[in-house]
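Please keep the structure open while reading.

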Amino acid sequence: MNINTLIKRQNLSLYELSKTSGVPYSTLKDISHGKSKIEKCSAGTVYRIANALHVSSDDLLEPCFFRRPDFSVYKSEICHQVKELGDIPFLVQTLKKDMISDLYEKQWYPECLYLLAMVDYLSRIHDIPLAKEYDEIRCQRLEQPVYPAGILILYRLSKDEEVLRKAENEAIPEFKRFNIIESEIRNVV
């Protein structure tokens, strides 16, 4: 989890974290603003920050070493999880782990909105009320539409705008609300 998210979650200021951890304010400010990288800090500094934030050093460093997958790979992984787990167990797991908030806090907006769209879609088709804790995120929308790779390839080959319009018209409403053009979540191999 990123240090700014942890500070915000614990309702701390950098000054308070500095006092609690014993790490100089200027060091924390540089890390928080991206001028210094936490993974370049000494083990002692990482330990003191993690301890003051009540997380492990591994949790604090994880974002530094985790590589963000390509969005199309992410979408495929989510569809595979739905297929493997089943709709309801997927909903329970996603909501229980609060994966949507985690993605939003990482500022991984396409992934966050895709997952929220999936949750909302599965909730609708199973007549389950929407999870209200995500109402604020539901107001968000990607600036540019995100099309499936197959649609983009077809469009580039044909240069026919109708390909994009057709995809938009066939998009699942929960995905389209976020400017994600998705019409098929079940046909995964």
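## A buried charged pair

In this predicted model, Lys75 and Glu182 form a salt bridge in which the closest N and O atoms are 3.6 Å apart. Lys75 lies in helix H6 and Glu182 in the segment after helix H12, so the pair ties together parts of the chain that are 107 residues apart in sequence.

Both Lys75 and Glu182 are buried; Lys75 has a relative accessibility of 9%, and because buried means under 20%, it falls in that class. Leaving aside neighbours within four places in sequence, Lys75 is in contact with Tyr114, Tyr147 and Pro148 as well as with Glu182.

In soluble globular proteins, nonpolar side chains tend to be buried together. The largest nonpolar core here has 29 residues, of which Ile100, Tyr114, Met118, Leu122, Phe175 and Ile185 touch the most other members. Helices H6, H7, H8 and H9 each supply at least two residues of this core, and the largest share, ten residues, comes from H9.

Phe175, one of the core residues named above, touches Tyr114, Ala117, Met118, Tyr121, Ile180, Glu182 and Ile185 when residues up to four places away in sequence are not counted. Apart from this core lies another, of 16 residues, which includes Leu6, Leu14, Val23 and Val46.

## Other salt bridges

Side chains of opposite charge can pair when their charged atoms come close. A search of the whole structure finds ten salt bridges, one of which joins the side chains of Glu105 and Arg9 at 2.8 Å, N to O. This pair links distant parts of the chain, with Glu105 in helix H8 and Arg9 in helix H1, 96 residues apart. Glu105 counts as partly exposed at 28% relative accessibility, and Arg9 likewise counts as partly exposed, at 44%.

Glu174 and Arg124 also meet through their side chains in a salt bridge, at 2.4 Å from N to O. Glu174 belongs to helix H12 and Arg124 to helix H9, so this pair ties together parts that are 50 residues apart in sequence. Glu174 counts as buried at 6% relative accessibility, whereas Arg124 is partly exposed, with a relative accessible area of 46%. Elsewhere, Asp120, Asp135, Arg138 and Arg177 are linked in a network of salt bridges.

## A nonpolar surface patch

Ile88, Val92 and Ile128 form a nonpolar patch on the surface, and together they have about 220 Å² of accessible area. Val92 lies in helix H7, which covers residues 87–97, and counts as partly exposed at 48% relative accessibility.

How values were computed:
Residues are numbered from 1 along each chain as its sequence is written. This is a predicted model: local features need pLDDT of at least 70, side-chain atom pairs count only at pLDDT 80 or more; totals for chains, interfaces and linings use all residues. Side-chain values use heavy atoms; hydrogens and water are left out. Patches are made of residues with over 30% relative accessible area and no salt bridge: like charges are joined within 9 Å, nonpolar side chains (Val, Leu, Ile, Met, Phe, Trp, Tyr) within 5 Å. Accessible areas come from the Shrake-Rupley method with a 1.4 Å probe; for residues, only the protein chains shown count as cover. A salt bridge is a side-chain nitrogen of Lys or Arg within 4 Å of a carboxyl oxygen of Asp or Glu. Helices (H or I, at least four residues) and strands (E, at least two) are DSSP runs, numbered from the N terminus. Buried means under 20% relative accessible area, exposed over 50%, partly exposed in between (1.4 Å probe, protein chains only). Contact means heavy atoms within 4.5 Å. A nonpolar core is a set of buried Ala, Val, Leu, Ile, Met, Phe, Trp, Tyr and Cys residues joined through side-chain atoms within 4.5 Å.
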